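Trainee: I have a structure open and would like to go through it. Can you walk me through it?

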Amino acid sequence: MKRLMNIIMLSCRKATELIEKQLYFGLSPLEKAKLRMHMLMCDYCTRYKKQSLFLHELLSGHDHDHSTLDISGVEENAPLKDKIIKQIDKF
Ligand SMILES: [Zn+2]
């Protein structure tokens, strides 16, 4: 059982890697399942994913109209991302 948990459970570092990978390349069904399991239990990675999604959408969208790109939100959120990454490093 313990070994099974090790296979299923991701470290926060691995989970954030998968979050980034999911945004750009997509994940295998197994990776998706692992990530979902981790997110159920981990606040930091849930927040990290929200931040990543927000930044990803901000960077990938509105290409045609830069006047609507509001970067004030990014600057506001950057310290939070740093904080999350620092928390993740503690694990
Ligand atoms: Zn985590």
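Mentor: We will take the overall fold, then the metal site, the core, one serine and the salt bridges. Keep in mind that this is a predicted model.

Trainee: Fine. How many helices and strands does the protein chain have?

Mentor: There are 5 helices and 0 strands in the protein chain. Along the sequence the pattern reads α-α-α-α-α.

Trainee: And what share of the 91 residues counts as buried?

Mentor: In the protein chain, 24% of the 91 residues count as buried. As for contacts between residues at least 6 apart in sequence, 63% join residues at least 24 apart.

Trainee: On to the metal. Which atoms coordinate the zinc ion?

Mentor: The zinc ion is held by SG of C12, NE2 of H38, SG of C42 and SG of C45, at 2.0 to 2.3 Å. Along the chain these donors have the spacing C-x25-H-x3-C-x2-C. C12 in helix α2 (residues 12-24) and H38 in helix α3 (residues 29-41) are 26 residues apart, so to speak a link between distant parts of the chain.

Trainee: What is the geometry of the site of the zinc ion?

Mentor: Tetrahedral, with angles of 103 to 115° among the 4 donor atoms. For comparison, the ideal angle for four tetrahedral donors is 109.5 degrees.

Trainee: C12 and H38, buried or exposed?

Mentor: Both C12 and H38 are buried.

Trainee: Now the core. Which residues of the largest nonpolar core touch the most other members?

Mentor: I19, L35 and C45 do, in a core of 13 residues. Helices α2, α3, α4 and α5 (72-90) each give two or more residues to this core. Helix α2 gives the most, with 4 residues. C45 is also one of the zinc donors.

Trainee: What does L35 contact, leaving aside its neighbours within four places in sequence?

Mentor: With those neighbours left aside, L35 is in contact with L10, A15, L18, I19, Q22 and L27.

Trainee: Different topic. Where is S52 found?

Mentor: S52 lies in helix α4, which covers residues 43-60.

Trainee: Why does S52 count as buried?

Mentor: The relative accessible area of S52 is 3%, and buried means under 20%, so S52 falls in that class.

Trainee: What does the side chain of S52 join in a polar contact?

Mentor: The side chain of E20, at 3.1 Å. Apart from neighbours within four places in sequence, the contacts of S52 are I19, E20 and L23. I19 came up already, as one of the core residues that touch the most other members.

Trainee: Last one, charges. How many salt bridges does the count come to?

Mentor: The count comes to 2 salt bridges. In one, the side chains of K14 and E17 meet at 3.6 Å, N to O.

Trainee: How many residues apart are K14 and E17 in helix α2?

Mentor: They are 3 residues apart, which means that about one helical turn separates K14 and E17. K14 is partly exposed, with a relative accessible area of 39%, and E17 is partly exposed too, at 44%.

Trainee: And which residue does E31 pair with?

Mentor: E31 forms a salt bridge with K21, and the closest N and O atoms are 2.8 Å apart. This pair links distant parts of the chain, with E31 in helix α3 and K21 in helix α2, 10 residues apart. K21 is partly exposed, with a relative accessible area of 32%.

Terms used
Residues are numbered from 1 along each chain as its sequence is written. This is a predicted model: local features need pLDDT of at least 70, side-chain atom pairs count only at pLDDT 80 or more; totals for chains, interfaces and linings use all residues. Side-chain values use heavy atoms; hydrogens and water are left out. Buried means under 20% relative accessible area, exposed over 50%, partly exposed in between (1.4 Å probe, protein chains only). A polar contact is a pair of N or O atoms within 3.5 Å; within protein, one must be able to donate a hydrogen and the other to accept it, and residues adjacent in sequence count only if both atoms are side-chain atoms. Contact means heavy atoms within 4.5 Å. Donors are N, O and S atoms within 2.8 Å of the metal (3.2 Å for Na, K and Ca); water is not among the atoms, so sites may look incomplete. Four donors count as tetrahedral if all angles lie between 85 and 135 degrees; four count as square planar and six as octahedral if opposite donors are over 155 degrees apart and all others between 65 and 115; anything else is irregular. A salt bridge is a side-chain nitrogen of Lys or Arg within 4 Å of a carboxyl oxygen of Asp or Glu. A nonpolar core is a set of buried Ala, Val, Leu, Ile, Met, Phe, Trp, Tyr and Cys residues joined through side-chain atoms within 4.5 Å.
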